[in-house]
Amino acid sequence: MSIRVGVIMGSKSDWATMCHTAETLQTLGIGHEVRVVSAHRTPDLLFDYAASAIDRGLEVIIAGAGGAAHLPGMAAAKTSLPVLGVPVQSSMLSGVDSLLSIVQMPAGIPTGTLAIGRAGAINAALLAAAMLGNKYPEVREALEHYRAEQTRQVLDQPNPSQL
Ligand code: RP5
């Protein structure tokens, strides 16, 4: 399976959130790699990772970070690939700091910004699938199957007291 998505995060402590991205990509059959790449602890690694991403065959980067979350924006500054940012829920400010750090990019270098935490981690994978689905029919099919399945689960269990 070709690796098409790079999933990076600022710290191994982000894995509890970003594992949901990896799990969703896995469910959709999308080849991906997972790395800790810190914008402030390993800035040279971040530059190398983002600058070489296209040549290595990546097509989307998903970056999760918390606090002063500059990882997605810095990655986006070093590649023309789409970069999707996942704000990790921080302990002090519940991830609002992460969200604002990622979403408020000045005009010129966008980062697609998802919701804080698990929902954003899952949706980043689904959004990456929607992008890749424009090029790979099997990815679009997998995404449509995923959505149909969650629709079926809701319709099959209309009474929450009987779950
Ligand atoms: C950020 O700082 C990481 O993305 C993480 O969310 C946060 C805390 O990192 P650790 O102190 O847990 O390594 O760079």
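Predicted model: local features only at pLDDT ≥ 70, side-chain atom pairs only at ≥ 80, totals over all residues.
1. The residues around the ligand are Met-9, Gly-10, Ser-11, Ser-13 and Asp-14, together with Ser-38, Ala-65, Gly-66, Gly-67 and Val-88. Sorted by class, this shell holds 6 polar, 3 nonpolar and 1 charged residues.

2. Now for the record. UniProt, in an unreviewed entry, annotates Ser-11, Asp-14 and Arg-41 as "binding site". These positions span 31 residues in sequence, but no two of their C-alpha atoms are more than 14.4 Å apart, so they gather at one spot. As for where Ser-11 sits, its place is the loop that links β1 (5-9) to α1 (15-27).

3. The unreviewed UniProt entry also lists "domain: PurE" for residues 3-154. Over that stretch the chain is 47% helix and 16% strand, and 32 Å separate the C-alpha atoms at its ends.

4. How do α1 and α5 lie relative to each other? Their axes are 8 Å apart and the packing angle is about 30 degrees; angles under 35 degrees count as roughly parallel, and α1 and α5 are therefore roughly parallel to each other. Their crossing is right-handed. On the α1 side the contact uses Thr-17, Met-18, His-20, Thr-21, Thr-24 and Leu-25, while α5 brings Arg-118, Ala-121, Ile-122, Ala-124, Ala-125 and Leu-126. By class, the residues of this contact are 7 nonpolar, 4 polar and 1 charged.

5. Helix α5 (residues 118-133) also meets helix α6 (residues 137-156): the two axes come within 7 Å and cross at roughly 140 degrees. α5 and α6 are therefore oblique to each other, and their crossing is left-handed. From α5 the contact takes Leu-126, Ala-129, Ala-130, Leu-132 and Gly-133, and from α6 it takes Val-139, Arg-140, Ala-142 and Leu-143. These residues divide into 7 nonpolar, 1 polar and 1 charged.

Technical notes: Residues numbered from 1 in each chain as written. Near = placed C-beta within 6 Å. Nonpolar A, V, L, I, M, F, W, Y, C, P; charged D, E, K, R; others polar. Axes fitted to C-alpha atoms, helices over the stretch in contact; angles between N-to-C directions. Helix = DSSP H or I, 4+ residues; strand = E, 2+ residues; numbered from the N terminus. Parallel < 35°, antiparallel > 145°, perpendicular 65-115°, else oblique. Left-handed = near helix turned anticlockwise from the far one by under 90°. Contact = placed C-beta atoms within 7 Å. UniProt positions renumbered as here; feature names shortened; annotations may be inferred.
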